[in-house]
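Subject: Structure for you to look over

Dear colleague,

Here is the structure that I promised to pass on. Please have it open while you read the notes below it.

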Amino acid sequence: MNKINYSKELEKRIEEFREKKEVPKLLLHVCCAPCSSHCLEYLREFFDVTVFFYNPNITESAEYDYRLKEEKRLIEEYNRQVEESDFEGMNSDERARKIDIIDATYDVSEYYEAVKGYEQCKEGGDRCRKCFELRLSETARVAAKEGFKYFTTTLTISPLKNVDVLNEVGEAAARSVNESKIYDGEVFFLPSDFKKKNGYKRSIELSQKFGLYRQDFCGCGFSKAQREKEKAQKC
Ligand code: SF4
C-alpha cells in the first residue's frame, strides 16, 4: 500500500485556497511552543490561525503553565513581527496574519480517564493514540462550536509520533463531531506532516532564536518517568 504524503496533501489544499483567494479560519491544536514555532510561521501566511492549547496530558500544573506561557510569548513575538512587518524569508506579496489563542481548561483527570487500561503501553503505542483522540476530539468540538471550518495539530512535527495515526485520528474526530449534528456547519481536519520539508529542523532553529523552553519529555507522567530512566541508564 502506498503511504500517504500528508505534507503534499496539505500543500494541495493550500493551493486550492490560494486559487480561490480564500483565507480560512483555522483552529490549530498546539502541544508546546517549540513544536508550534515552525507550524505557525508556515500556516499564518495562508490561514487566519487561532491556537488551541488543550493538553490535559501534561503531568504537572507547573509544567503546563510554563509551556502555555512560552506559547503566549511566541505568539506575542509573531504578532509583533506583523505589526512591524519584520519577516524573515517572506515575499512581499505574501502576508502573515496575527495569531489568536484560546486557552482550554486544564484537568489532568481527563487524560487519566482517556488512557485508562493503556497506562503501561510503550511511548508511540496505543496509549498515545488515546491521548491524540482526547486532544483532537476536543479540538474538533471547539472548532465546530466556535465556527472554525478547519482544524489540525502541531503534533505531526514530532519525529517520535506516528503521522498516519495522527491523521487518521484527526479525520475521525471531524467525522464524529459532524455526525453528532450538535453544531451548525461542518468542520474539516487538515492533513499535515509538519516535520517534512525541513519543518522539524526549522522548529529547532526558531526555538533557539526565541530562546524557547524545550522540554525533554513528551508530557505525561509516563513519558517523564521513561525519560528519567533513560537518563539514569546513561550515567
Ligand atoms: S507519551 Fe505523549 S502522546 Fe503519548 S500518552 Fe504521553 S503525553 Fe500523550
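**Around the ligand**

Helix H5 provides the largest share of the shell around the ligand, namely three residues; helices here are DSSP runs (H or I) of at least four residues and strands are DSSP runs (E) of at least two, both numbered from the N terminus. Please bear in mind that this is a predicted model, in which local features need pLDDT of at least 70 and side-chain atom pairs count only at pLDDT 80 or more, while totals for chains, interfaces and linings use all residues. Residues are numbered from 1 along each chain as its sequence is written.

The shell around the ligand consists of Asn57, Glu123, Arg127, Cys128, Cys131, Cys218, Gly219, Cys220, Phe222 and Ser223, where a residue belongs if its C-beta atom, placed from the backbone, lies within 6 Å of the molecule. H5 and helix H8 (221-234) each contribute at least two residues to that shell. By type, the shell divides into five nonpolar, three polar and two charged residues, with Ala, Val, Leu, Ile, Met, Phe, Trp, Tyr, Cys and Pro counted as nonpolar, Asp, Glu, Lys and Arg as charged, and the others, Gly among them, as polar.

**The sheet**

Five strands form an open sheet in the order E3-E2-E1-E4-E5, with parallel pairing; two strands pair if DSSP finds at least two bridges between them. Strand E3 (100-103) and strand E5 (188-189) stand at the edges with a single partner strand each, so one side of each has no neighbour in the sheet. Strand E1 (residues 25-29) and strand E4 (residues 150-153) run parallel and are joined by four bridges, and Leu28 has Thr152 in E4 as its bridge partner.

**Helix packing**

The axes of H5 and helix H6 (residues 163-180) come within 8 Å and cross at roughly 40°; axes are lines fitted to C-alpha atoms, for helices over the stretch in contact, and angles run from 0 to 180 degrees between N-to-C directions. H5 and H6 are therefore oblique to each other, a word that applies to angles that are not under 35 degrees (roughly parallel), over 145 (roughly antiparallel) or 65 to 115 (roughly perpendicular).

Helix H2 (residues 33-43) and helix H3 (residues 61-84) pack at an angle of about 25°, with their axes 9 Å apart, and are therefore roughly parallel to each other.

Best wishes
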